Amino acid sequence: TEASRDALDGKTDTKIIIDYNGNSVLSSYTPIQVGEDFKWAIISEIDEAEVMSVPNSIRNGIIISSLIVLAIILIIALFLVDFSIVKPIERFKATLQKISSNHDLTLQADENAPQELSQMARNFNTLMGGLKELIEVSKISSSENASISHELSTTAMGVGENVEKSVVVVNEATKKANEIEDEITKAIHDAQ
């Protein structure tokens, strides 16, 4: 075999070769000098399949363990992402939908969430509070404007009635003045 030839040529090595039966084997060999005249070789061989069974078993165990650990980590990561990000976003979305469908500005977003989502919810709640205040102020202003408008309308109607009365009085005064003028003209005419 290759191992026996190399060992008898004085080489030392460990490698996979084909043995005398045609099988792939891991062969370790070295020359041995017995006295000055005898050159011997020592060769130790084991089937490659037998040698690789333990490393293959270890490799397969590591791969399977790694896959199991990876699956566990993925499940935990998905749970954490779902619990800490997806659920708060869904609650925030549900709150927005309730506000939109019910037109209820008193609803508040849940601030019990991770930091960024909590800040978003807090800012949203502040915005909704400001919007609610603005609407309340607008309602009060609208009521005040309606009241002022009603008072102005009432006053304008009163002024209109007074103007109509004044027009009647002025018309009567003009009529009387015309009558007096006619009498004065007649009296002047009679006097002449």
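Tutor: Contact means heavy atoms within 4.5 Å of each other. This is a predicted model, in which local features need pLDDT of at least 70, side-chain atom pairs count only at pLDDT 80 or more, and totals for chains, interfaces and linings use all residues. Residues are numbered from 1 along each chain as its sequence is written, and side-chain values use heavy atoms, with hydrogens and water left out.

Student: Among contacts in the protein between residues at least 6 apart in sequence, what share joins residues at least 24 apart?

Tutor: The count takes in contacts between residues at least 6 apart in sequence. Of these, the share that joins residues at least 24 apart is 28%.

Student: In what order do the elements of the protein run from the N terminus?

Tutor: Helices (H or I, at least four residues) and strands (E, at least two) are DSSP runs, numbered from the N terminus. The protein has 3 helices and 3 strands. From the N terminus on, the order is α-β-β-β-α-α.

Student: What is the radius of gyration of the protein?

Tutor: The radius of gyration is taken over C-alpha atoms, and the globule rule is 2.2 Å times the number of residues to the power 0.38. The C-alpha trace spans about 190 × 35 × 25 Å along its principal axes. For a compact globule of 192 residues the radius would be near 16 Å, but for the protein it is 56 Å.

Student: Is Ser27 buried or exposed?

Tutor: Buried means under 20% relative accessible area, exposed over 50%, and partly exposed in between (1.4 Å probe, protein chains only). Of the 192 residues of the protein, 10% count as buried. Ser27 lies in strand S2, residues 24-34. Because its relative accessibility is 0%, Ser27 counts as buried.

Student: With which side chain does the side chain of Ser27 make a polar contact?

Tutor: A polar contact is a pair of N or O atoms within 3.5 Å; within protein, one must be able to donate a hydrogen and the other to accept it, and residues adjacent in sequence count only if both atoms are side-chain atoms. Not counting residues up to four places away in sequence, Ser27 touches several residues, including Ala3, Asp13 and Ile43. At 3.3 Å, the polar contact of the Ser27 side chain is with the side chain of Glu45.

Student: Which residues does Ser84 touch, not counting residues up to four places away in sequence?

Tutor: Ser84 is in helix H2, residues 48-102, and counts as partly exposed because its relative accessibility is 25%. Its C-alpha atom is separated by 76 Å from that of Lys39, 45 residues apart along the chain. Not counting residues up to four places away in sequence, Ser84 touches Pro114 and Leu117.
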